[in-house]
Amino acid sequence: MDALNTIWSTFFDLDAMLKALPELLTVGLPNTLILALSSGVLGTVLGMLLAVAGLSRHRWLRWPARVYTDVLRGLPAAVTILLIGVGFAPLGLLVWGPNPYPLGILALGLIASAYIGEIFRSGIQSIDKGQTEAARAIGFSGGAAMRLVVIPQGVRRVLPALVNQFIALIKDSSLIYFLGLLASQRELFRIGQDAAANTGNQSALVLAGLFYLVITIPLTHVVNAIDKRLREGRRVDAVDPDADDFDTEMQAAGLLAAAPAADAAGTEGEAR
Amino acid sequence: MSFENAAAHGHGHGVSVATRGIRLAFGSNQVLRGVDLDVPAGTVACVIGPSGSGKSTLLRTVNRLIEPDSGDVLLDGRSVLKDSPDQLRQRVGMVFQHFNLFPHKTVRQNITLGLTRLKGLSKDEAAERARQELDRVGLAHKADVRPSHLSGGQQQRVAIARALAMDPEVMLFDESTSALDPELVKGVLATMAELAAEGMTMLVVTHEMGFARSVSQQVLFMDRGSVVEAGAPEQIFETPASTRLQRFLSQVL
């Protein structure tokens, strides 16, 4: 009974949790979100460039993309973060002073871009060749066909994988603590760990863990919902009929729906 | 279907299309072995033949979706191989076996995409043009839905409208009814026949012998990368000269 109590108070000490809560909420949570979102944006932009380069007809575009992807996917995240965070620190010092935070974002973004690039590449490659052919037959250049027709469809097909990647980023952002952050820059994990180290009680770390779960578990359900929608077709046809831009299309895809079931299965669109 | 509108916005300005000695090989596989064809302005030529005979490939060399190894393509009597392929394709409409509508866009957007981005029409002009073309094929009420909500026949008619909206001078049809359920074939063929009656120049790869016989002025029989026999439909279907054509017709008719 004593042992149980000890375990309980080690992990679920309410006082210790409440003590850590303000800092987790006001410092840790924003930092984790900033790290994950900004590296996510960086990773998405670079990932799209990598995907297009990886599919290029030109060897001198394809090969660097391939090598980059293999190296960054092959290295443990901790190694990449340390190499970039420490290796580029002198350069960072010149640009933004003694602050490892931007380098952490850079490192996370570069790692993410390798995975996201592969996700985009598979999405683009899954689009039927007839789509490119049809766009080109209308008179679009190869680049315009890619941009207007193939990529928007490919992206929405891989939305679940992209959200998964974002979940991974939220978790990996905890690795930034390697770089030695200022007190105000600490993210969830570091704050929980500091509190745990100071008090010898793990409850703050447990609470930090709960914060991660509160973000990641709903996101996994978002993934499942998008995935289901992709498989079974859209629910309503409420997308702005005049939406014509890539951005609105992306938004529509994210919020509403995407390619119909027949397309997701890779077959030609039959009437449903 | 609104014929008034079709008349007001007809497509009766087809130009002649011709190929000269088109050759193409994929590796050691000779797909086209020197194909000549002549489709006078405003007429319909149907290309028939067994699968793998090079019909669809020939069609794609006309708008240079596939570049021939040698030979020439003439539009209105002028070689187009020196033009930019993108410019050429705006003059040559194409309809595919599997429709290839853009599933992420509405029916209207499928049509306006090329009009706004390539022809420089304003959004309103493009939408109006799309409405006219959809009206022609009897689908104006479907402008706001996605292609996946349409039957195959409707999708193909939208694909035809999409091609016609670009004001092509020649239309290419690549087995445009082969992927359709039998009951949907008729509507698409009717749309094509109407277009032919308006004076569009059409090069049609088809397995619909009835259409070839009743609508076209010329039928070309291809086998193993060559035009084996060409002539008026009566001649091809009633008095086939070559044994290969006779054998083919006995299999399909």
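Author: Begin with β3(B), which is mostly covered, with five of its five residues buried. Buried means under 20% relative accessible area, exposed over 50%, and partly exposed in between, using a 1.4 Å probe and protein chains only. Helices (H or I, at least four residues) and strands (E, at least two) are DSSP runs, numbered from the N terminus. Before going on: this is a predicted model, in which local features need pLDDT of at least 70 and side-chain atom pairs count only at pLDDT 80 or more, while totals for chains, interfaces and linings use all residues. Residues are numbered from 1 along each chain as its sequence is written, chains are lettered from A and ligands numbered from 1 in the order in which they are written, and side-chain values use heavy atoms, with hydrogens and water left out.

Reader: Which residues of β3(B) are buried on each side?

Author: Val44(B), Cys46(B) and Ile48(B) are buried on one side, and Ala45(B) and Val47(B) on the other, so both faces are covered.

Reader: How do I read the pairing around a strand?

Author: Strands of a sheet pair through backbone hydrogen bonds, either parallel or antiparallel. Here two strands pair if DSSP finds at least two bridges between them. β3(B) runs parallel to β8(B), joined by four bridges, and Cys46(B) stands opposite Val204(B) in β8(B). Four bridges also join β3(B) to strand β9 (residues 218–223) of chain B, again parallel; there, Ile48(B) stands opposite Phe221(B).

Reader: What is the strand order of the open sheet of six strands?

Author: The order is β6-β7-β8-β3-β9-β10 (chain B), with mixed pairing. β6 (92–95) and β10 (226–231) of chain B each have a single partner strand, so one side of each is left without a neighbour in the sheet. On average, neighbouring strands are turned by 20 degrees against each other, direction ignored. Axes are lines fitted to C-alpha atoms, for helices over the stretch in contact, and angles run from 0 to 180 degrees between N-to-C directions. Within this sheet, β7 (residues 170–174) and β8 (residues 201–205) of chain B pair in the parallel sense over five bridges, with Val170(B) partnered by Thr201(B). Helix α7 (residues 182–198) of chain B packs on the sheet, touching β3 (44–48), β7 and β8 of chain B, and its direction makes about 145 degrees with that of β8(B).

Reader: And which sheet of chain B has antiparallel pairing?

Author: That's the open sheet of four strands, in the order β2-β1-β4-β5 (chain B). Its edge strands are β2 (29–39) and β5 (78–79) of chain B, each pairing on one side only. Five bridges join β1 (residues 17–26) to β4 (residues 70–75) of chain B, and Val17(B) has Leu75(B) as its bridge partner. Helix α2 (residues 55–62) of chain B lies across β1, β2 and β4 of chain B, at about 60 degrees to β2(B).

Reader: What about the core?

Author: In soluble globular proteins, nonpolar side chains tend to be buried together. A nonpolar core is a set of buried Ala, Val, Leu, Ile, Met, Phe, Trp, Tyr and Cys residues joined through side-chain atoms within 4.5 Å. The largest one has 86 residues, and Ile48(B), Met171(B), Phe173(B), Met192(B), Met202(B) and Leu203(B) touch the most other members. Helix α6 (residues 152–165) of chain B gives the most to this core, with seven residues. A second, separate core of 51 residues includes Ile105(A), Ile116(A), Leu169(A) and Leu230(A).

Reader: How many helices and strands are there in chain A?

Author: Chain A has 13 helices and zero strands. Of its 272 residues, 46% count as buried.

Reader: How do I describe two packed helices?

Author: Two packed helices are described by the angle between their axes and the distance between the axes. For α3 (residues 59–74) and α6 (residues 101–125) of chain A, the axes come within 9 Å and cross at roughly 120 degrees. Angles under 35 degrees count as roughly parallel, over 145 as roughly antiparallel, 65 to 115 as roughly perpendicular and the rest as oblique, and α3(A) and α6(A) are therefore oblique to each other.

Reader: Where is Phe211(A), and what is it in contact with?

Author: Phe211(A) is in helix α11 (residues 203–232) of chain A, and at 12% relative accessibility it counts as buried. Contact means heavy atoms within 4.5 Å. Leaving aside neighbours within four places in sequence, Phe211(A) is in contact with Leu21(A), Leu24(A), Leu25(A), Leu29(A) and Leu188(A). The C-alpha atoms of Phe211(A) and Leu188(A) are separated by 7.6 Å, with the two residues 23 apart along the chain.
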